[in-house]
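Visitor: I am new to this structure and should like to learn how to read its features. May we go through them in turn?

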Amino acid sequence: MKDEEKTQEQLVDELLGLRIELQETRQYLTRLLASSTEAIISTNKEGTVMLFNEGAQALLGYRGEEMIGRRVTELYESEEQAKEVMREMRKRGGAVSAFETVLRAKDGSHIPVLISASILFDEEGQEVGTVGFNTDMRERKRAEDALQKAHDELEKRVGERTAELAEARERLQYLLTVTPGIIYTNQASGDFTCTFVSENLKSFMGYAPWEMREDPQFWMKRLHPEDASRVLSDIDRLVGQGGGTIEYRFRHRAGHYVWFQDTFKVVHDETGQPAELVGSWADISERKRAEQALGERIRHVEVLQTVIGISPTIIYTNQASGDFTCTFVSDNLESIMGYAPWEMLEDPKFWVKRLHPEDAPRVFSDIHQLIGQGGGTIEY
């Protein structure tokens with residue numbers, strides 16, 4: 001009997017430890033999601049908004065309580081547009097990165113965003129919802145337009161003023177050296193041979209610009225093998241669309257890989273054929289690590305919830321005196337005893353009122369004795 005009691009005590013201690021860890025993980029996730037500057041929106045499997053964090057509120061103008069419980073399709077111009085995001089996720093195995101779409105703000109304005117989203121599955125592999133990170137693309141779109149305008153103006157002046165062109169190139173080179181992104185131009189087909197890259201390639205990736213310009217396969221040889229087929233397929237599609245954004249890993253001179261967000265526009269020749277790609281690389285390694293950490297913590301929470309849910313015993317915490325009011329009880333209370341957990345949590349006398357009258361005097365006497373001893377086992 002003592003061995004059995006010890007085993008039960010150990011199980012209770014272990015499950016209580018899991019509960020504390022679960023609470024801490026939930027609190028961490030809540031703070032992380034609420035304070036993130038990324039616009040994070042999560043739905044259940046029916047497409048109802050379950051999470052609408054501060055970043056989403058700042059981006060779209062809705063308060064969280066306004067969107068919770070509403071259909072996520074209300075944030076799009078049409079339901080078909082929302083379904084397109086889901087189709088892309090399923091097409092790519094349950095997750096999509098750097099997918100461009102447009103959201104509709106509360107004031108009716110249209111906001112271009114870059115979505116990284118995943119379908120959430122339960123332990124049985126069934127879809128339970130989605131979670132998406134939405135990055136405001138308005139500034140980037142304006143920057144791309146400004147870059148394209150500057151490029152067009154520069155090309156116009158080539159035939160007019162050779163001297164001014166030389167001066168302008170020197171100035172441009174300086175700006176590209178100090179910019180936080182790597183600017184490049186590539187051929188629009190084949191190996192996408194580099195025709196120009198900014199000097200800050202060396203500070204970002206350790207390579208001299210001439211190495212990238214003189215080796216036609218420089219980019220192809222350093223693209224991560226696991227990303228290559230996806231990237232080449234997406235680039236062909238984006239070139240046909242006139243440009244876009246794609247994410248992939250690229251090998252640093254030191255040997256490790258860096259996550260890049262590659263945004264480019266297509267420059268066409270006089271016949272309308274793609275002639276050159278003008279784009280920029282932005283280091284998004286930190287964002288990728290944050291996304292991975294968030295995904296791991298969400299999985300930990302789901303595992304802990306499953307462990308408590310399938311336990312053959314009811315796990316609880318009570319106050320140590322008075323009516324021994326319940327402060328926590330596991331969800332399997334309902335499957336074992338028929339009561340919903342909230343019934344036990346909200347009624348301070350729940351346990352006392354349901355204790356058998358013939359057992360009550362003995363139980364209260366024994367409980368006080370066991371509390372004085374630091375714990376124990378009692379039957380009733």
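Guide: Let us begin with a term: a contact means heavy atoms within 4.5 Å. Helices (H or I, at least four residues) and strands (E, at least two) are DSSP runs, numbered from the N terminus. This is a predicted model, in which local features need pLDDT of at least 70 and side-chain atom pairs count only at pLDDT 80 or more, while totals for chains, interfaces and linings use all residues. Residues are numbered from 1 along each chain as its sequence is written, and side-chain values use heavy atoms, with hydrogens and water left out.

Visitor: How many helices and strands are there in the protein?

Guide: The protein has 15 helices and twelve strands. Of its 380 residues, 38% are buried, where buried means under 20% relative accessible area, exposed over 50%, and partly exposed in between (1.4 Å probe, protein chains only).

Visitor: What span should helix 15 have?

Guide: The expected span of a helix is 1.5 Å times one less than its number of residues. Helix 15 (residues 360–373) has 14 residues and should span 20 Å; its end C-alpha atoms are 20 Å apart, which agrees.

Visitor: Which residues of helix 15 are buried?

Guide: An α-helix has 3.6 residues a turn, so residues three or four places apart point the same way. In helix 15 the buried residues are Ala360, Val363, Ile367 and Leu370. Seen down the helix axis, the buried residues of helix 15 fall within an arc of 95 degrees, so they line one face; the arc is that of the directions from the helix axis to the C-beta atoms. These buried residues pack against helix 14 (350–354). Pro361, Gly372 and Gln373 are exposed, on the face of helix 15 turned away from its buried side. Just after helix 15, Gly374 has a positive phi of about 95 degrees.

Visitor: Where is the place of Asn200, and is Asn200 buried or exposed?

Guide: Asn200 sits in the loop between strand 7 (194–197) and helix 7 (201–205). With a relative accessible area of 2%, Asn200 is buried. A polar contact is a pair of N or O atoms within 3.5 Å; within protein, one must be able to donate a hydrogen and the other to accept it, and residues adjacent in sequence count only if both atoms are side-chain atoms. The side chains of Asn200 and Ser198 are joined by such a contact, of 2.5 Å.
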